[in-house]
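Here is a short note for a colleague coming to this entry for the first time. Please keep the view open while reading the points below.

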Amino acid sequence: MGKSRRTQVCIVGSGPAGLLLSQLLHRQGIESVILERRDRAYVEGRIRAGVLEQGTVDLLREAGVADRLDREGLVHDGFEIAGNGRRHRIALDELTNGKVVTVYGQTEVTKDLIAARLAAGGEIVFEAADVTPNAFDGSKPFVTYSHQGQEHRLDCDFIAGCDGFHGVCRQSLPQNAIRTFERTYPFAWLGILAKAAPAADELIYAHHDRGFALCSMRSESISRHYVQCSPNEDLSKWPDARIWDELRHRIGDTDGHHINEGPLLDKSITPMRSFVAEPMRHGSLFLAGDAAHIVPPTGAKGLNLAVSDIYYLYRALVQFYKQSMSDLLDRYSDQALARVWKAERFSWWMTSLLHKFPNEAGYDRAFENRMQEAEIAYLMSSRAAQTVVAENYVGLPF
Ligand code: RFL
Ligand code: PHB
């Protein structure tokens, strides 16, 4: 074994969850080291989420990393649902006593957090290979990894598994230690980032016979759009012109909406899955974010859930180090999961409402299709139904 050293919290993964935890702990004088499998450019370039709940923005402010977010983030007080040939606005602020969301790319959140960690002398080991959590059943856990050809051992009090859905931490748990719940959907999203002005001032979620579509944005000159496609779609079958055409069809290029074309900066396919692992703690290893749960992106909840997990975990670690108490650590999993399941429900519901489900062999979905249309019509006509959507979309309280 090569180099050996010690920290208080070893964080696996430098996505939003791991970075935010490290930054919040640092501000309370608690030490951590982040071990990340990829290089910095890869982590900063990964195009993903774009919608931040108010609670997420508040916690980023508490972490001292919201200067650029406050300057450049686009505050949205509503979004549109298009379906059955009609469009309807969900007035977030009116329906929730003034709550709103902020459109600001996950790439930017990640860049801001990495810059803040490094400026404060924080340690992020990029390109850490073979990261392995050890001895987390007891109180002396350690993590081994290799870096630039050398083996390392990092002793710590706690391991935070913030290493995403495909990470090593959840997979290191004994098989009978967690129970998993999963649903995969029979469709995916083809997402594009384009150098073009957004289609409208607000996001548009569209239900259409040809499939779901979403028009989002990153700034006044960058659009982010998605179209429903099949889960094993071949990207080469989607030349740019076909994507623009589908967007125009599904969104409806009418008053106030115009799909502005521009060169593509990114094009990728996202599978759709709901997944939860229970509990989110095993001994001194704590799972947070996508490492413990996945939502389909329809409700814009994934990043926000990673942040709310970190809120609970951070408070619990601060209580442990400052007050020598562990009751918040003991309650972490239950507290986080209570919120996770509500966001799972909302994401599953919004996904089911807006997507076109393919017919299964020998089964015609005519009845379900009418139910979907009836539910969209009800949503557009009922303030009560819209209030349910709005209070979930802006984010349930932590
Ligand atoms: P991440 O971001 O996946 O980060 C995990 C990190 O761990 C590293 N890693 C390892 N490191 C060391 N050793 C190993 N063995 C490792 N294995 C993995 C990885 O390289 C990575 O750096 O997880 P985190 O921090 O939990 O954050 C979760 C969010 O990234 C995710 O939930 C969101 O992006 C989901 N999501 C959205 N969430 C929202 O809140 N609002 C949205 O509008 C939204 N839109 C989206 C989305 C996700 C999408 N995709 C591509 C999945 C739109 C899309 C298209
Ligand atoms: C995005 O802008 O990437 C985005 C917005 C809303 C969603 C999902 C993704 O529900």
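**Notes on a glycine and a ligand site**

1. Glycine 122 counts as buried, because its relative accessibility is 16% and the cut-off for buried is under 20%. Keep in mind that this is a predicted model.

2. Where does glycine 122 sit? It lies in a loop. Helix 6 (106–119) and strand 9 (123–125) are the elements on either side of that loop.

3. Now the ligand. Which residues are closest to ligand 2? They are Tyr205, Ser216, Arg218, Tyr226 and Pro297. In total, 14 residues surround the ligand. By type, the shell holds eight nonpolar, three polar and three charged residues.

4. One is 2.6 Å from a side-chain N or O atom of serine 216. For threonine 298, a backbone N or O atom is 3.2 Å from an oxygen of the ligand.

5. How much of ligand 2 does the protein bury? Of the 280 Å² that the ligand exposes when taken alone, 97% is buried. Strand 16 (213–217) and strand 17 (223–229) are the elements that each give two or more residues to the shell.

6. Two domains contribute to the shell around ligand 2. Domain 1 (4–77 + 101–181 + 273–349) supplies at least three residues, and domain 2 (186–272 + 359–394) likewise supplies at least three.

Terms used: Residues are numbered from 1 along each chain as its sequence is written. Chains are lettered from A and ligands numbered from 1 in the order in which they are written. This is a predicted model: local features need pLDDT of at least 70, side-chain atom pairs count only at pLDDT 80 or more; totals for chains, interfaces and linings use all residues. Side-chain values use heavy atoms; hydrogens and water are left out. Helices (H or I, at least four residues) and strands (E, at least two) are DSSP runs, numbered from the N terminus. Buried means under 20% relative accessible area, exposed over 50%, partly exposed in between (1.4 Å probe, protein chains only). A residue is near a molecule or strand if one of its heavy atoms lies within 4 Å of it. A polar contact is a pair of N or O atoms within 3.5 Å; within protein, one must be able to donate a hydrogen and the other to accept it, and residues adjacent in sequence count only if both atoms are side-chain atoms. Accessible areas come from the Shrake-Rupley method with a 1.4 Å probe; for residues, only the protein chains shown count as cover. Ala, Val, Leu, Ile, Met, Phe, Trp, Tyr, Cys and Pro count as nonpolar, Asp, Glu, Lys and Arg as charged, and the others, Gly among them, as polar. Domain bounds come from an automatic or database domain assignment.
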